[in-house]
Amino acid sequence: MYGARVALVDVVVVSYNSRGHLRACVEPLAAADDLAVIVADNASTDGGLSTLDGLDVTTIELSENGGFAVGCNAGWRAGSAPCVLFLNPDAVIEPDAVRRLARVLEDDHRVGAAGPKILEDGGVALSQRRFPRLSSTYASALFLHRALPHAAWTSELVADEAAYELAGSPDWVSGAGLMVRRDLLEALGGFDEGFFMYCEDKDLCRRIRAAGYDVRFEPEAVARHEGGASAPRASLLPVLAESRVRYARKHSGRVAASAERAGVGLGALTHMVVSRGGRAARSGHASALLVATGLRPHAR
């Protein structure tokens with residue numbers, strides 16, 4: 001336990017069978033006097049929490065895996081610091097980078113959330129994002145984002161390399177490393193637990209912006225991420241489809257949400273047809289198609 005000390009930032013890590021990464025993620029942060037680390041474990045079966053023995057960390061063992069949003073909410077509600085950094089267990093960030101993100105929030109009361117530059121696979125991960133639009137959904141379904149990778153209307157990803165060298169204000173930033181004001185989390189009720197995985201970060205950023213706050217990208221704070229923004233495993237493709245449809249229903253009108261559902265289904269179909277990922281990938285896309293079209297009510 002981190003006892004009675006007052007922390008500048010609560011770092012919340014949600015783990016699920018993350019034994020191979022968890023200590024490397026937590027150890028450099030647990031030693032910092034002004035940071036408090038809280039690990040919320042989503043009913044893992046790999047004994048990952050035991051790798052944290054000897055570290056100054058608060059652990060929360062959840063009885064079931066209710067999803068990433070559930071773990072995040074359990075984590076931040078267990079702390080008291082004015083800033084909360086949500087960090088993936090396969091990410092590593094140094095204490096000074098965490099403090100830099102906190103300064104972004106401290107220096108401008110209009111900023112509700114901030115994300116670091118994320119390095120992955122020797123390069124910069126495309127962690128700055130645009131909110132979904134029908135143009136980007138259908139462009140992805142028809143592979144136009146590959147033909148026109150730098151056209152803003154074809155993708156949610158901000159692909160301009162120059163955008164990652166300067167501080168910016170994208171629509172939203174990846175939840176792999178996302179710092180949010182505690183008072184704002186309290187006002188908004190934290191993450192929407194209706195999202196099991198995927199889209200909970202863009203949903204939170206959208207609600208932060210709707211509340212009148214800005215979302216910032218801070219390149220002077222750097223994190224390394226093994227998982228990064230890579231495509232989901234085949235088994236998680238239907239979960240992604242379900243989350244995208246739910247997000248559209250929540251934030252769009254009925255007609256636009258129906259069009260988004262159709263676009264998600266079209267993307268699952270076209271990717272199933274051309275997939276080179278073998279049987280598992282085709283099966284994942286097929287399941288996503290069933291979820292998007294409503295023929296399969298739930299992804300899990």
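Angles under 35 degrees between axes count as roughly parallel, over 145 as roughly antiparallel, 65 to 115 as roughly perpendicular and the rest as oblique. The model examined here is predicted: local features need pLDDT of at least 70, side-chain atom pairs count only at pLDDT 80 or more, and totals for chains, interfaces and linings use all residues. Residues are numbered from 1 along each chain as its sequence is written, and side-chain values use heavy atoms, without hydrogens and water.

Two packed helices are described by the angle between their axes and the distance between the axes. Helix α9 (residues 254–274) packs on helix α10 (residues 278–292) at an angle of about 160°, and the axes lie 8 Å apart. Axes are lines fitted to C-alpha atoms, for helices over the stretch in contact, and angles run from 0 to 180 degrees between N-to-C directions. α9 and α10 are therefore roughly antiparallel. The contact (heavy atoms within 4.5 Å) involves Arg261, Val264, Gly265, Ala268, Leu269, His271 and Met272 of α9. From α10 come Arg282, His285, Ala286, Ala288, Leu289, Val291 and Ala292. Nine of these residues are nonpolar, three polar and two charged. Here Ala, Val, Leu, Ile, Met, Phe, Trp, Tyr, Cys and Pro count as nonpolar, Asp, Glu, Lys and Arg as charged, and the others, Gly among them, as polar.

Helices (H or I, at least four residues) and strands (E, at least two) are DSSP runs, numbered from the N terminus. In helix α4 (residues 134–141), the buried residues are Ser136, Thr137, Ala139 and Ala141. Buried means under 20% relative accessible area, exposed over 50%, partly exposed in between (1.4 Å probe, protein chains only). Their cover includes α5 (144–147), α8 (237–251) and α9. Just after α4, Phe143 adopts a positive phi of about 65°.

A nonpolar core is a set of buried Ala, Val, Leu, Ile, Met, Phe, Trp, Tyr and Cys residues joined through side-chain atoms within 4.5 Å. The largest has 32 residues, of which Val9, Val26, Val39, Ile93 and Met179 touch the most other members. Helix α3 supplies the largest share of this core, six residues. Beyond four places in sequence, Met179 touches residues including Val9, Cys83, Leu101 and Ala114. A separate core has 27 residues, among them Val14, Val173, Leu178 and Leu185.

Ser127 sits in the loop between β7 (123–124) and β8 (128–129). Ser127 is buried, with a relative accessible area of 3%. Beyond its neighbours within four places in sequence, Ser127 contacts Pro116, Ile118, Tyr164, Trp172, Val173, Ser174 and Phe217.
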